[in-house]
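User: I've got a structure open and I'd like to walk through it. Can you help me read it?

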Amino acid sequence: MSHVYCPECGFQNPEASNYCARCGAYLRRDEHGETTLSLTPEEVSGEGVSLGEPRGPALVVRAGGGRAGESFGTDGPRTLIGRSPECDVFLDDVTVSRRHAEIVQEGGSFVIRDLGSLNGTFVNRHRIENATLADDDEVQIGKYRMTFLLP
């Protein structure tokens, strides 16, 4: 029996599956080969979202929701993360609470706090209520895996 691996979580699904049984991601099948699309920063629209190198502290999406490579600046005193369009880091997926977590700047460090989300907030694969972030820490919110980067 042949299998299809989920591009989001790596779960092994039966070949006839259209969606991942573990995370619900769409199982794409490239029947016509690969297509590469290149964008310049001027072509990318959306505040706080860039595809280039981040200029300050940032969360960079590594996997989840087909948004790998997007970065969100976290250099303000407070960065709200959630499913609500009013959030600074807008992650549109049911695995993310409307107001899921926040990153606050305390002195010279950055602290991430879970805001009572249903699915939790994870730093380096450990569920947290709050944690001080260091450069290259992995943050997981819902199905999104992101890396926290300091300049």
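User: Let's start with K143. Is K143 buried, exposed or partly exposed?

Analyst: K143 is partly exposed, because its relative accessible area is 22%. Buried means under 20% relative accessible area, exposed means over 50%, and partly exposed is in between (1.4 Å probe, protein chains only).

User: Before we go on, what kind of model is this?

Analyst: This is a predicted model: local features need pLDDT of at least 70, side-chain atom pairs count only at pLDDT 80 or more, and totals for chains, interfaces and linings use all residues. Residues are numbered from 1 along each chain as its sequence is written, and side-chain values use heavy atoms, with hydrogens and water left out.

User: Back to K143. Which side chain does K143 meet in a salt bridge?

Analyst: That of D93, at 3.4 Å, N to O. A salt bridge is a side-chain nitrogen of Lys or Arg within 4 Å of a carboxyl oxygen of Asp or Glu. K143 lies in the loop between β13 and β14, and D93 in the loop between β7 and β8, so the pair ties together parts that are 50 residues apart in sequence. Strands here (E, at least two residues) and helices (H or I, at least four) are DSSP runs, numbered from the N terminus.

User: And D93, buried or exposed?

Analyst: D93 is buried, because its relative accessible area is 15%.

User: How many salt bridges are there in the whole structure?

Analyst: The search finds 6. One of them joins the side chains of E102 and R78, at 2.5 Å, N to O. E102 lies in strand β8 and R78 in strand β6, so this pair ties together parts 24 residues apart in sequence. E102 is buried, with a relative accessible area of 10%. R78 is partly exposed, at 40%.

User: Which residues end up in one network?

Analyst: R78, E102, E106 and R113, joined by salt bridges that share partners.

User: What about E70? Where is that?

Analyst: E70 sits in the loop between β4 (58–63) and β5 (71–73). E70 is buried, with a relative accessible area of 16%. Its side chain meets that of R67 in a salt bridge of 3.0 Å, N to O. R67 is buried too.

User: New topic: the sheet. What order do the strands of the 5-stranded open sheet take?

Analyst: The order is β7-β6-β8-β9-β12, with mixed pairing. Two strands pair if DSSP finds at least two bridges between them. Strands of a sheet pair through backbone hydrogen bonds, either parallel or antiparallel.

User: Which strands stand at the edges?

Analyst: β7 (89–90) and β12 do. Each has a single partner strand, so one side of each is left without a neighbour in the sheet.

User: Which way do the pairs run, parallel or antiparallel?

Analyst: β6 (residues 78–82) and β7 run parallel, joined by 2 bridges. There, I81 stands opposite V89 in β7. β8 and β9 run antiparallel, with 6 bridges. β9 and β12 are antiparallel as well, over 4 bridges.

User: What's going on at G107?

Analyst: G107 is in the hairpin of β8 and β9, which has 2 residues between the strands. There G107 takes a positive phi near 65°.

User: Now the inside. Which residues touch the most other members of the largest nonpolar core?

Analyst: L91, I112, I141 and M146, out of 20 residues in that core. A nonpolar core is a set of buried Ala, Val, Leu, Ile, Met, Phe, Trp, Tyr and Cys residues joined through side-chain atoms within 4.5 Å. Strands that give two or more residues to this core include β4, β8 (101–106) and β9 (109–114). β14 gives the largest share, 3 residues.

User: What does L91 touch?

Analyst: Leaving aside neighbours within four places in sequence, its contacts include I81, V96, I141 and M146. Contact means heavy atoms within 4.5 Å.

User: Last one: R98. Buried or exposed?

Analyst: R98 is exposed, with a relative accessible area of 57%. R98 is in the loop between β7 and β8. Beyond its neighbours within four places in sequence, R98 is in contact with G82, R83, S84 and C87.
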